[in-house]
Amino acid sequence: MKKILFGLLALVFAEIAVFIVIGNAIGVFYTLLLIIFTSIAGLLIAKKRGTKSIQDIQKSMQQGQPPGVPVIETFMIFVGGILLAVPGFITDILGLLFVSGITRNLFKPVIFYFLRKKMKRGQVVILQK
């Protein structure tokens, strides 16, 4: 828990520093417009990709296949959407990485590794009906 708190605190300070640098470079008004624009554009992208991802989950379940990969992708798009909604340039970059299909494929093995590790320890349990 301390690592998460420290990471969030570091992120806030980094975002403030980036705001100051960009504000000095292009001006406060344009910096605010850029933050608003990236948040709105990012949320629209996340909504479009998220809707498609949920349809992929439904499609795989209708075909009788486990929806593991579509669930991971939907989760990543959801996290990316949250990061895009938070005002800031660093969070916007991270959010776009999670929402973008190319970079999302790079993160999938890391998430699968993390889940397998948690399952071996018994920290994640999959229930079947």
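Author: Let's begin with the surface: the protein chain exposes about 9700 Å², and 74% of that is supplied by carbon and sulfur atoms. Such areas come from the Shrake-Rupley method with a 1.4 Å probe, and for residues only the protein chains shown count as cover. This is a predicted model, in which local features need pLDDT of at least 70 and side-chain atom pairs count only at pLDDT 80 or more, while totals for chains, interfaces and linings use all residues. Residues are numbered from 1 along each chain as its sequence is written, and side-chain values use heavy atoms, with hydrogens and water left out.

Reader: What is the mean pLDDT of the protein chain?

Author: The mean is 85, and 95% of the residues reach 70 or more. The scale is the predictor's confidence in each residue, from 0 to 100. Confidence is highest in helix 1, at a mean of 93, and lowest in helix 5, at 83.

Reader: How many helices and strands does the protein chain have?

Author: There are 5 helices and 0 strands, so helices (H or I, at least four residues) and strands (E, at least two) are DSSP runs, numbered from the N terminus. Read along the sequence, that gives α-α-α-α-α.

Reader: What makes the protein chain more spread out than a compact globule?

Author: Its radius of gyration is 18 Å, well over the 14 Å that the globule rule gives for 129 residues, so the chain counts as more spread out than a compact globule. The radius is taken over C-alpha atoms, and the rule is 2.2 Å times the number of residues to the power 0.38. Along its principal axes, the C-alpha trace spans about 55 × 35 × 20 Å.

Reader: Why is F37 called exposed?

Author: F37 has 56% relative accessibility, and exposed means over 50%, buried under 20% and partly exposed in between (1.4 Å probe, protein chains only). So F37 counts as exposed. You'll find F37 in helix 2. From F37 to V71 is 34 residues in sequence and 28 Å in space, C-alpha to C-alpha.

Reader: And why does S60 count as buried?

Author: S60 has 8% relative accessibility, so S60 counts as buried. S60 also belongs to helix 2. Setting aside neighbours within four places in sequence, S60 is in contact with Q65, P67 and P70, where contact means heavy atoms within 4.5 Å. Across the protein chain, buried residues make up 26% of the 129 residues. As for contacts between residues at least 6 apart in sequence, 54% join residues at least 24 apart.

Reader: What makes F19 and F89 an aromatic pair that is edge-to-face?

Author: Rings of Phe, Tyr and Trp (its six-membered ring) pair if their centres lie within 6.5 Å; planes under 30 degrees apart count as stacked, over 60 as edge-to-face and the rest as tilted. By this rule the count comes to 3 aromatic pairs. For F19 and F89 the values are 5.7 Å centre to centre and 65 degrees between the planes, which makes the pair edge-to-face. The pair links distant parts of the chain, with F19 in helix 1 (residues 2–26) and F89 in helix 4 (residues 89–99), 70 residues apart. F19 is partly exposed at 26% relative accessibility, whereas F89 is buried at 11%.

Reader: How do you know that K52 forms a salt bridge with D56?

Author: Side chains of opposite charge can pair when their charged atoms come close. The rule asks for a side-chain nitrogen of Lys or Arg within 4 Å of a carboxyl oxygen of Asp or Glu. In K52 and D56 the closest N and O atoms are 3.2 Å apart, and they form a salt bridge. The two are 4 residues apart in helix 2 (residues 28–62), so about one helical turn separates them. D56 is partly exposed, at 26% relative accessibility. The count of salt bridges comes to 3.

Reader: What makes E73, R104 and K108 a network?

Author: These residues are linked by salt bridges. R104 pairs with E73, with the closest N and O atoms 4.0 Å apart. That pair links distant parts of the chain: R104 is in helix 5 (residues 101–121) and E73 in helix 3 (residues 68–85), 31 residues apart. E73 also meets K108 in a salt bridge, at 2.5 Å, N to O. This pair links helix 3 to helix 5 too, across 35 residues.

Reader: Are R104, E73 and K108 buried or exposed?

Author: R104 is buried, with a relative accessible area of 8%. E73 is buried at 16%, and K108 is buried at 12%.
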